[in-house]
Amino acid sequence: SPEVDNIIPEGSTVIIKPGTKIKAHEYSSLIVHGTLIAEGTENHPIIFSADINGADAGYWQGITVPNHSAVSMKHCLITDAEIGILFQDYNEVTFTNCHLENNMEGIGAKTSSPVLKENIITGNNIGLGCYDDASPVLSDLEYEEPYRNGIINNNTGILIDKANIYLNCGYNDIYSQLPTEDYFISLMFEPYPGYIKARNNYWGTTDLEEIYEHLNPSESFL
């Protein structure tokens, strides 16, 4: 089946009210060239999911946020997508208290630095993918403010491919209890000379040797 793009045009704003449930057909996607405001509440989240009653009941493509667009998403659940949400290049992003589950990839970042706070990313093949000079921010570099994302029980928690990530002193939970040979963080290529600093996060254990077994390659992390 061909892909179907649902597009928010440049200069347009779409507001989704709390409690809204959006079911996407297989292969469909939401592409934000303008502004998307999807701000649910703890008791009334906004849900983006696949139309499981469709004939094929397959994955949808997810939400794409390309260059010079803007999103504000709070208390949203994104499930059953190829990539739950993909940030590309330079955009204005508020992404907090969201839940990404059962996606091939929960969050993707390409040449982008989205700030991620207090989100739950669980049950995905890849929790957070960082590509092509991306540098997602999961810690406050100046004040060491706790960002407290939960990247839990993904086959690979964080995948870094020719990119970087800010984790140091973020107080994020990054671990897995799956019975597979999973990695909390995996580097496809060295991002920059030196270490990726990842202190003051919780790894499901305080045993350093056990933690380093799930960091690939372990010598690239501090």
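Five strands make up an open sheet here, and the pairing is parallel. Take the order across the sheet: E2, then E5, E8, E11 and E14. At the edges sit strand E2, residues 13-16, and strand E14, residues 116-117. Each of those edge strands pairs on one side only. One reminder before I go on: this is a predicted model.

Strand E5 covers residues 35-39, and strand E8 covers residues 70-74. They run parallel, joined by 5 bridges. Which residue in E8 stands opposite Ile37? That is Ser72.

On to the other sheet. For background, sheet strands pair through backbone hydrogen bonds, in parallel or antiparallel fashion.

Let me pick out E16 and E18. Strand E16 spans residues 126-131, strand E18 spans residues 156-161, and the two run parallel. Between them there are 5 bridges. Cys130 has Ile160 in E18 as its bridge partner.

That cysteine takes us to the sulfurs. How many disulfides does the count come to? The count is 0. Start with Cys98. Its closest cysteine sulfur is in Cys76, at 4.5 Å. The cut-off for a disulfide is 2.5 Å between sulfurs, so that pair is too far apart for a bond. Cys130 is in no disulfide either, as the nearest cysteine sulfur, in Cys98, is 17 Å away.

Are these two cysteines buried or exposed? Buried means under 20% relative accessible area. Cys98 has 2% relative accessibility, so Cys98 counts as buried. Cys130 has a relative accessible area of 0%, so Cys130 is buried as well. To put Cys130 together: a buried residue, bridged to Ile160 in E18, and in no disulfide.

The largest pocket has a volume of about 190 Å³. It is lined by 14 residues. Which of them are closest to its centre? Those are Leu141, Tyr166, Leu167, Asn168 and Lys197. What does the lining look like by class? The lining of the largest pocket has 7 nonpolar residues, 3 polar and 4 charged.

That's the tour. Over to you.

Notes:
Residues numbered from 1 in each chain as written. Predicted model: local features only at pLDDT ≥ 70, side-chain atom pairs only at ≥ 80, totals over all residues. Heavy atoms only, no water. Pairing = 2+ DSSP bridges. Helix = DSSP H or I, 4+ residues; strand = E, 2+ residues; numbered from the N terminus. 1 Å grid on protein atoms, 1.4 Å probe; cavity = no way out; pocket = protein on both sides within 12 Å on 5 of 7 lines; lining within 4 Å. Points joined across faces, edges and corners; volume = space filled by probe spheres on them. Nonpolar A, V, L, I, M, F, W, Y, C, P; charged D, E, K, R; others polar. Buried < 20%, exposed > 50% of the residue type's maximum accessible area, 1.4 Å probe, protein only.
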